[in-house]
Amino acid sequence: MIVSTPLNFAADALAPLISAETFAHHHGKHFAAYIKTANDLTVGTAMEALALEAIVRMAKRAANGALFNAAGQVWNHGFFWASLSPPGTARPAGALAAAIDRDLGGFAVMASAFIAAGAGQFGSGWVWLVAGGDGRLSIIATADAMPVWIDHMVTPLLVCDVWEHAYYLDWHSDRRSFLTAFIESLANWSLARDQYAAAIGTGDAWQFKADAALEPA
Ligand SMILES: [Fe+2]
């Protein structure tokens with residue numbers, strides 16, 4: 001049974017970059033619908049007790065598109081909520097900042113590449129800052145419900161949702177400005193720091209916490 005994960009901030013804490021109205025729809029309706037579908041397809045089966053990551057991988061192997069899409073979207077959104085923080089959060093420092101400088105040309109160049117990758121993702125999808133096991137950083141866009149760790153041996157550090165439902169109320173069709181707001185003001189660099197440590201073997205990577213909240217799906 002998958003239950004909803006809460007936001008780590010008040011619904012209006014990111015406004016006007018992401019409004020409370022957007023969270024009401026995005027977290028309260030879209031995310032909840034993915035959870036309901038994933039539960040409808042797993043509760044009462046052998047998969048019910050599995051971690052969400054295992055459900056996603058099993059659905060992919062079994063070519064169960066309906067379950068893969070729903071469970072993948074639950075995971076992606078859980079990580080997206082964790083990737084957000086109110087404006088004013090400190091930017092990368094230490095080993096992560098050094099890796100951004102080394103592999104992506106510094107914060108400004110990295111931000112431009114992240115925005116371009118997200119803006120260039122045709123249709124719906126996700127844009128990820130990731131690290132390989134050797135600590136090398138890269139930016140990858142994935143389509144539709146695809147978590148980046150399905151086809152790439154990487155640890156995600158951050159993700160931004162580029163489905164229209166993520167930004168349309170606040171930015172209309174201006175996905176590029178939404179991506180700019182994310183990478184410049186809203187990205188949770190504390191999460192990225194911890195994920196980078198996990199990528200190079202000095203910590204635990206984020207996992208979807210099935211028991212993180214008591215909200216009914
Ligand atoms: Fe979304």
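Predicted model: local features only at pLDDT ≥ 70, side-chain atom pairs only at ≥ 80, totals over all residues.
**Ground rules.** I number residues from 1 along each chain as its sequence is written. Helices (H or I, at least four residues) and strands (E, at least two) are DSSP runs, numbered from the N terminus.

**Entry 1: domains.** I looked up the division first. The protein splits into domain 1 (20-83) and domain 2 (94-199); the bounds come from an automatic or database domain assignment. Their centres, taken over C-alpha atoms, are 20 Å apart. Domain 1 puts 17 residues into the contact and domain 2 puts in 18. I count two residues as in contact if their C-beta atoms, placed from the backbone, lie within 7 Å.

On the domain 1 side, α1 (20-42), α2 (52-61) and α3 (65-83) each give two or more residues. α3 gives the most, with ten. That side holds six nonpolar, nine polar and two charged residues. Here Ala, Val, Leu, Ile, Met, Phe, Trp, Tyr, Cys and Pro count as nonpolar, Asp, Glu, Lys and Arg as charged, and the others, Gly among them, as polar.

**Entry 2: α4 on α9.** I checked how α4 (residues 94-104) meets α9 (residues 189-199). The axes come within 9 Å and cross at roughly 85°. So α4 is roughly perpendicular to α9 (65 to 115 degrees;). Axes are lines fitted to C-alpha atoms, for helices over the stretch in contact, with angles from 0 to 180 degrees between N-to-C directions. Ala95, Leu96 and Ala99 of α4 touch Ala192, Arg193 and Tyr196 of α9. Five of these contact residues are nonpolar, none is polar and one is charged.

**Entry 3: α8.** I looked for buried residues (20 or more other C-beta atoms within 10 Å of their own; exposed is 12 or fewer, partly exposed in between; C-beta atoms are placed from the backbone). In α8 (residues 175-186) they are Arg175, Phe178, Leu179, Ala181, Phe182, Ile183 and Leu186. Their cover includes α5 (107-120), β3 (154-161) and α7 (168-171).

**Entry 4: backbone.** Ala15 to Pro16 is a cis peptide bond, omega near 5°. Pro16 sits in the segment before α1. Asp144, not a glycine, has a positive phi of about 55°. I place Asp144 in the loop between β2 (137-143) and α6 (148-151). Asp144 is partly exposed because it has 16 C-beta neighbours inside 10 Å. His172 also has a positive phi, near 50°. His172 lies in the loop between α7 and α8. With 11 C-beta neighbours inside 10 Å, His172 is exposed.

How values were computed: Parallel < 35°, antiparallel > 145°, perpendicular 65-115°, else oblique.
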